[in-house]
Amino acid sequence: MSTLAIETRDLVRTYRTRKSAQNPSGGTVVAVDGITLQIPRGELFGLLGPNGAGKTTAIKVLVTLLLPTSGSARVAGFDVARETQQIRERISMVSGGESSGYGLLTVREQLWMFSQFYGLPSRAALGRIDELLKVVGLFEERHRRVSALSSGMRQKMNLVRGLLPDPEILFLDEPTLGLDVGAARDVRAYIREWVRQRPGRTILLTTHYMHEAEELCDRVAIIHKGAVVVTDTPAALRHRAAGGSYFILTTSLLDGATWLGQVPGVQRIDARDGDGSTEVRLELADDGVIAGVVKALADRDRRILSLRKVEPSLEDVFVQIVGRRLEEADEAVGRRE
Amino acid sequence: MLASSRVSPSLGGARHWWRTLRVAYWLGWQIESNWTDPFLFFVYSIARPLGSVLILVFMYYVVGRAGAAGLLGFFVVGTACWPFVVQGMMGTAWSLISDREHWKTLRYVYTSPIPFRAYLIGRALAQSTTAVSAAAVTLVVGRWVLGAPLHVATIHFPYTLVAFALGIASVLALGLMVVSAAILISGEAWRMPEGVGAALYLISGAVFPVSVLPPVLRTLAQGVPLTWWLEAMRRGLLPPGAVTSFPQMTDRQVLGWLAVLAAVWMVLAWTAFTLAERRARDRGVLDRESAF
């Protein structure tokens, strides 16, 4: 068994566009541009990027809906172009922001039907369906027709559909898109719980919500214009941004703070005098250095009024790498479309 | 807290094929029989085939005046069988199109570990089942109202049953052919099955013998298994001497041609679908909605 749940090498996927008045010769759109990823089993991996960055196309290739134009992709050790059946037995997919479902079936019927596609014995499947419906708070709706569900309820039902076969690898494509705050929180909480209960199961999550990636993912790849620009843990990515974390220290007036730069481990210091106090921004070699800074201030009888550690967010990382905020990138895509 | 043990799936092989077929049939039947309005149910199941029969009566009397009164049995059997073609063949394509466009479930069904052809065939069989009432209404009205020569004593039941089974297989093969095209197009996919159905209605001897067709169309008709199916059904249901499309052939020869063509078309359809499916994945149109 491959130790990698997902592996892509120089994966490229292009689309040919139709000829139109605006585009008389047609053309080729590069949706995924040479993505190379290695996702080990048991990881919750996030693809973070604005709309149109290529996240959904990448997922479609991995779940065997699309063939790669060039490069290769393997899921659970199987080739996406040739070994589709082996892959499909090991995965499932949930997409957010859509209203899929056979509207005239009840919730339970719909889920039972999909459980049969995965070869689950009927009785065990119904037990599992009820269990999962309880977990996502949809049990009371089990005999309602799918067409009568709100979009949030449908999303939860589709999450249950994705989880039913207990897949080795779960693809979640914007799973909280279009959900209200409460429903999105429920979905995230359940995703976390599902992974916690099942070490060894892998999730590939696409999202354009920074906080979602930060909250859920073990590692994140930032994808922009079809290419992966950086891959790391959220903490390491934050650390990369503008020198990583820093401290903001407010003391009684210092009248010059350059001497603080002499404290071993202090890498950079910016001080600003205010009304009877000084605010100092400190970048340190490591967090332990702050003890030396505090001692140096105490030796000079300077009172510490406040001290806080500031972590850069993924948003900072994104801005630094892509050159604009995620929302701005989304808007740019919207304008192009 | 959920049990973390995984339910072992029993995938692969004939058993999974059968299970998929059964579940797809169940789904298709849920969709087809979803009549919340009895009036609509009446219109669909009784009035529509009755309307077809009345059109048939009109045609019969017009043609009868031209000296073809013996065609009544030919009309009745052709009209009774045709709903199986409409529902079965077009139903295969419509299952795919409605999953993609209306229910938006195609990507989830397609990426589940099912034999996708079994799914499409199961859905088509469910649609074919809805043709049973139309066929029954047509045969009953044809026999007892119009006086078509349908008598229990002269019906060749084993022959008719074999012909019917081969006919349904042919219909499914044609359905897979049509779905092979539908999987590659989105915008016009809704219209295509009806167009194919109309063309087949014209050439496969549904309402008049293929012998009256121009030579080119006649040759074309002989390559379509539906022509032989309708011919075999008439030979099974009508007494000897009734009007048929191929009077020079024996019953056994007709059934033989039907079996051969059904097998050939099934192989062609299988191949066409395999190629179309791969092309759809290559072009990225498999789950592309047309915003219809």
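How many bridges join strand 4 of chain A to strand 5 of chain A? In this predicted model, in which local features need pLDDT of at least 70, side-chain atom pairs count only at pLDDT 80 or more, and totals for chains, interfaces and linings use all residues, side-chain values use heavy atoms, with hydrogens and water left out. Residues are numbered from 1 along each chain as its sequence is written, and chains are lettered from A and ligands numbered from 1 in the order in which they are written.

Strand 4 and strand 5 of chain A run antiparallel and are joined by 2 bridges, where two strands pair if DSSP finds at least two bridges between them, and where strands (E, at least two residues) and helices (H or I, at least four) are DSSP runs numbered from the N terminus. In this pairing, A:Val75 has A:Phe78 of strand 5 as its bridge partner. The two strands form a hairpin with 2 residues between them, and A:Ala76 in the turn has a positive phi of about 55 degrees.

Strand 1 of chain A and strand 4 (residues 70-75) pair in the antiparallel sense over 5 bridges; among the partners in strand 4 are A:Ser72 for A:Arg9 and A:Ser70 for A:Val12.

Strand 1 of chain A also holds A:Asp10, a residue that has a positive phi of about 45 degrees although it is not a glycine. A positive phi of about 60 degrees is likewise found at A:Asp301, also not a glycine, which is placed in the loop between helix 9 (289-299) and strand 14 (304-310) of chain A. A:Asp301 counts as exposed at 69% relative accessibility, the classes being buried under 20% relative accessible area, exposed over 50% and partly exposed in between (1.4 Å probe, protein chains only).

A:Arg16 lies in strand 1 (residues 4-17) of chain A and is exposed, with a relative accessible area of 70%. Together with A:Arg18, B:Arg279, B:Arg283 and B:Arg288, A:Arg16 forms a positive surface patch, a patch being made of residues with over 30% relative accessible area and no salt bridge, with like charges joined within 9 Å and nonpolar side chains (Val, Leu, Ile, Met, Phe, Trp, Tyr) within 5 Å. A salt bridge is a side-chain nitrogen of Lys or Arg within 4 Å of a carboxyl oxygen of Asp or Glu.

Terms used:
Accessible areas come from the Shrake-Rupley method with a 1.4 Å probe; for residues, only the protein chains shown count as cover. Lys and Arg count as positive and Asp and Glu as negative; His and the chain ends are not counted. The place of a charge is taken as NZ of Lys, CZ of Arg, CG of Asp or CD of Glu.
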